[in-house]
Amino acid sequence: MSAPNADTNPIYGPFFGVMGAASAIVLSALGAAYGTAKSGTGIAAMSVMRPELIMKSIIPVIMAGIIAIYGLVVAVLISGAIEAPDKYPVYKGFLHLGAGLAVGFSGLAAGFAIGIVGDAGVRGTAQQPRLFVGMILILIFAEVLGLYGLIVAIYMYSK
């Protein structure tokens with residue numbers, strides 16, 4: 001086996017790993033923030049009519065917060081694997097970038113879905129309480145989108 005050289009381990013290799021870690025947490029936190037804000041406005045509007053349902057309506061906000069945890073997990077994993085440029089091949093940097101983008105963009109999409117469903121769901125539940133179970137089921141499907149990104153990111157990270 002040959003010794004590492006500048007062709008296989010260029011100095012810019014760790015940049016891609018760092019960008020993967022950054023995009024994992026930033027994009028998933030953006031999705032979580034949007035989901036929290038959008039669901040929170042729905043809760044605020046609903047609580048004027050039915051204040052007794054506030055605690056029951058917090059579920060979309062909790063589910064949006066979990067999205068950011070997915071990005072945090074991947075960002076910490078990638079950050080722990082980044083090494084000096086002479087020991088960090090560029091293909092590993094590309095894998096880490098791909099892992100970060102996978103969890104980040106899926107977290108962003110899941111956060112948008114949770115926010116929109118949470119907003120409409122809590123407002124609808126205030127008018128018709130039987131909508132609650134349907135809202136929870138749709139929120140679970142939206143949350144799973146972020147989980148898919150986490151699974152793909154961990155698989156890519158482990159290569």
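This report describes the fold, the helices, the salt bridges and one surface patch of the structure above.

## Basis of the model

The model is predicted, so that local features need pLDDT of at least 70 and side-chain atom pairs count only at pLDDT 80 or more, while totals for chains, interfaces and linings use all residues. Residues are numbered from 1 along each chain as its sequence is written, and side-chain values use heavy atoms, with hydrogens and water left out.

## Overall fold

The chain has four helices and zero strands, where helices (H or I, at least four residues) and strands (E, at least two) are DSSP runs numbered from the N terminus. Read from the N terminus on, the elements run α-α-α-α. The radius of gyration is 20 Å, well over the 15 Å that the globule rule gives for 159 residues, so the chain is more spread out than a compact globule; this radius is taken over C-alpha atoms, and the globule rule is 2.2 Å times the number of residues to the power 0.38. Along its principal axes, the C-alpha trace spans about 70 × 20 × 15 Å.

Of the 159 residues in the chain, 41% are buried, a term that means under 20% relative accessible area, whereas exposed means over 50% and partly exposed lies in between (1.4 Å probe, protein chains only). The accessible surface of the chain comes to about 8,300 Å², and 76% of this belongs to carbon and sulfur atoms; accessible areas come from the Shrake-Rupley method with a 1.4 Å probe, and for residues only the protein chains shown count as cover. Among contacts (heavy atoms within 4.5 Å) between residues at least 6 apart in sequence, 84% join residues at least 24 apart.

Helix H4, residues 131-157, has 27 residues and reaches 40 Å from its first C-alpha to its last, close to the 39 Å expected at 1.5 Å a residue; the expected span is 1.5 Å times one less than the number of residues in the helix. The buried residues of H4 include Phe-132, Met-135, Ile-136 and Leu-139, and also Glu-143, Gly-146 and Gly-149. What covers the buried residues of H4 includes helix H2 (59-81) and H3.

The 23 residues of H2 should span 33 Å at 1.5 Å a residue, and the end C-alpha atoms of H2 are 34 Å apart, which agrees. Among the buried residues of H2 are Pro-60, Met-63, Ile-67, Tyr-70, Val-74 and Ile-78, and the buried residues of this helix pack against H1, H3 and H4.

## Salt bridges

Side chains of opposite charge can pair when their charged atoms come close. The structure holds three salt bridges, each being a side-chain nitrogen of Lys or Arg within 4 Å of a carboxyl oxygen of Asp or Glu. In one of them, the side chains of Lys-38 and Asp-119 meet with an N to O distance of 3.5 Å. This pair links distant parts of the chain, with Lys-38 in helix H1 and Asp-119 in helix H3, 81 residues apart. Lys-38 counts as partly exposed at 28% relative accessibility, while Asp-119 counts as buried at 11%.

Asp-119 also forms a salt bridge with Arg-123, and here the closest N and O atoms are 2.7 Å apart. Because Arg-123 and Asp-119 are four residues apart in helix H3, they are separated by about one helical turn; Arg-123, at 36% relative accessibility, counts as partly exposed. In another salt bridge, Arg-50 pairs with Glu-52, with the closest N and O atoms 2.8 Å apart; Arg-50 is partly exposed at a relative accessible area of 25%, and Glu-52 is exposed at 55%.

## A residue pair across H3

Gly-121 lies in helix H3, which covers residues 90-127, and counts as buried at 12% relative accessibility. Gly-121 and Ser-39 are 82 residues apart in sequence, yet their C-alpha atoms are 8.7 Å apart in space.

## A nonpolar surface patch

Ile-11, Tyr-12, Phe-15 and Met-19 form a nonpolar patch on the surface, with about 460 Å² of accessible area together. Patches are made of residues with over 30% relative accessible area and no salt bridge, with like charges joined within 9 Å and nonpolar side chains (Val, Leu, Ile, Met, Phe, Trp, Tyr) joined within 5 Å.
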